[in-house]
Amino acid sequence: MTSVFEKQNEPEMQMLLCAQRKEYSRVKKGELWLFIVSVVIITGFTLWVAFTDDPDIMSILTILNMVIIFSREKIKIFFDGKQEHAAKIQQYFDSCCYNDVYGKKIIDGQSLFSNSEIAEIQAKVKNENLAPFVNWYSDYRNRSSEEQILYSQKENLSWDCKLRYFYKNTIISILILILAGLIFYGIKSDATIGKICALTSCFLVIVESAWDCILRNKKDLGRLEKIFEEFKETEKEVCANKKGVQKKLSDLQNMIFVHRKECFLVPDFIYNLRKNAYQKIADATAERLNK
């Protein structure tokens, strides 16, 4: 019987990984552009008005604010749909790997798409470079089928949790640097009180947006803690060879699926900064487990 490690590296499986990565990235880029328009550009125009009193810029600022107010909810619904679609592709990928190594259906995920839909998803990325998706999960071939599934699930959770803590610390560090720069400018320059107030108001807009990201991230970390608790209970039963672990593994996977659909997406640049370090930890952990 094939292992998760071998199954994941089949070309058809790697196409699914590539497809879900591209879908998640589209959502992240879209949210980044929304942030640039609603925070960075609006803040820039606000500063321009404060420093120049240009009526034309004031008109543009007013129009942009109105467009953002009326379109934000529709944009959010669109992004949520794309994120759910990416989560379904990833769930389909996991279910193929896990059900194959187990020898029967224990994860409900392959019913999310028809064969023609999967063929279309794969066809869209058939010419993409699939090298980054080799060995998506670390090698647990020496473990039982239940353990292979369980530790692959944990690998997903560990990556996500570490990235979210790193992202939170990065956001806080950036805010501290911006605040320090604002204080330095206020002390060293001869800017008027009005200009200082304008800069402060813009900083508060950035803080509000960053705080929203931090709160959403905190909610996700809380959910991950609950999933980790479920993982610990499942690991005890798997290691003790208890009956009924099939349902525990299925329930754990469903919790991961819900998290993927609803979570705040950490930007790709955060992932790229830490992926090599986290992959080394994951591979070293698998090596210890195999021993």
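This is a short tour of the structure in your viewer, one selection at a time.

**The whole chain**

Start with everything shown as a cartoon, and keep in mind that you are looking at a predicted model. The protein has eight helices and zero strands. Follow the chain from the N terminus and the elements read α-α-α-α-α-α-α-α. If you colour by accessibility, 42% of the 291 residues count as buried.

**Stop 1: a patch on the surface**

Select Leu-32, Phe-35, Val-40 and Ile-41. Together they make a nonpolar patch on the surface, with about 310 Å² of accessible area. Now centre on Leu-32, which belongs to helix H2, residues 11–52. Is Leu-32 buried or partly exposed? Its relative accessibility is 46%, so Leu-32 counts as partly exposed.

**Stop 2: the largest pocket**

The pocket holds about 1,300 Å³ of space. Rolling a probe the size of a water molecule over the atoms shows where empty space is left.

H6 gives the largest share of the lining, with 11 residues.

**Stop 3: one side of helix H4**

Move to helix H4, residues 115–123, and select Ile-118, Ile-121 and Gln-122, which are buried. Why do they sit on the same side of H4? They cover an arc of only 95° around the axis, and that places them on the same side of the helix. The spacing rule behind this kind of view is simple: an α-helix has 3.6 residues a turn, so residues three or four places apart point the same way.

**Stop 4: salt bridges within a helix**

Next, look at charged side chains. Side chains of opposite charge can pair when their charged atoms come close. Across the whole structure there are 18 salt bridges.

Select Asp-80 and Lys-76, a salt bridge with its closest N and O atoms 3.0 Å apart. Both residues are in helix H3, four residues apart, which is about one turn of the helix. Asp-80 counts as partly exposed at 35% relative accessibility, and Lys-76 counts as partly exposed at 43%.

Then jump to helix H7, where Asp-251 and Lys-247 lie four residues apart, about one turn of the helix. Their side chains meet in a salt bridge at 2.8 Å, N to O. Asp-251 is partly exposed, with a relative accessible area of 26%, while Lys-247 is exposed, with 55%.

**Stop 5**

For the last stop, select Asp-220 and Arg-164. They form a salt bridge whose closest N and O atoms are 3.3 Å apart. Asp-220 lies in helix H6 and Arg-164 in helix H5, so the pair ties together parts that are 56 residues apart in sequence. Are these two residues buried or exposed? Both Asp-220 and Arg-164 are buried.

With Asp-220 and Arg-164, they are linked in a network of salt bridges.

Terms used: Residues are numbered from 1 along each chain as its sequence is written. This is a predicted model: local features need pLDDT of at least 70, side-chain atom pairs count only at pLDDT 80 or more; totals for chains, interfaces and linings use all residues. Side-chain values use heavy atoms; hydrogens and water are left out. Buried means under 20% relative accessible area, exposed over 50%, partly exposed in between (1.4 Å probe, protein chains only). Helices (H or I, at least four residues) and strands (E, at least two) are DSSP runs, numbered from the N terminus. The arc is that of the directions from the helix axis to the C-beta atoms. Patches are made of residues with over 30% relative accessible area and no salt bridge: like charges are joined within 9 Å, nonpolar side chains (Val, Leu, Ile, Met, Phe, Trp, Tyr) within 5 Å. Accessible areas come from the Shrake-Rupley method with a 1.4 Å probe; for residues, only the protein chains shown count as cover. A salt bridge is a side-chain nitrogen of Lys or Arg within 4 Å of a carboxyl oxygen of Asp or Glu. On a 1 Å grid over the protein atoms alone, a cavity is a set of points where a 1.4 Å probe fits but cannot get out, and a pocket is an open set with protein on both sides within 12 Å along at least five of seven lines; lining residues have an atom within 4 Å of a point. Grid points are joined across faces, edges and corners, and a volume is the space filled by probe spheres set on the points.
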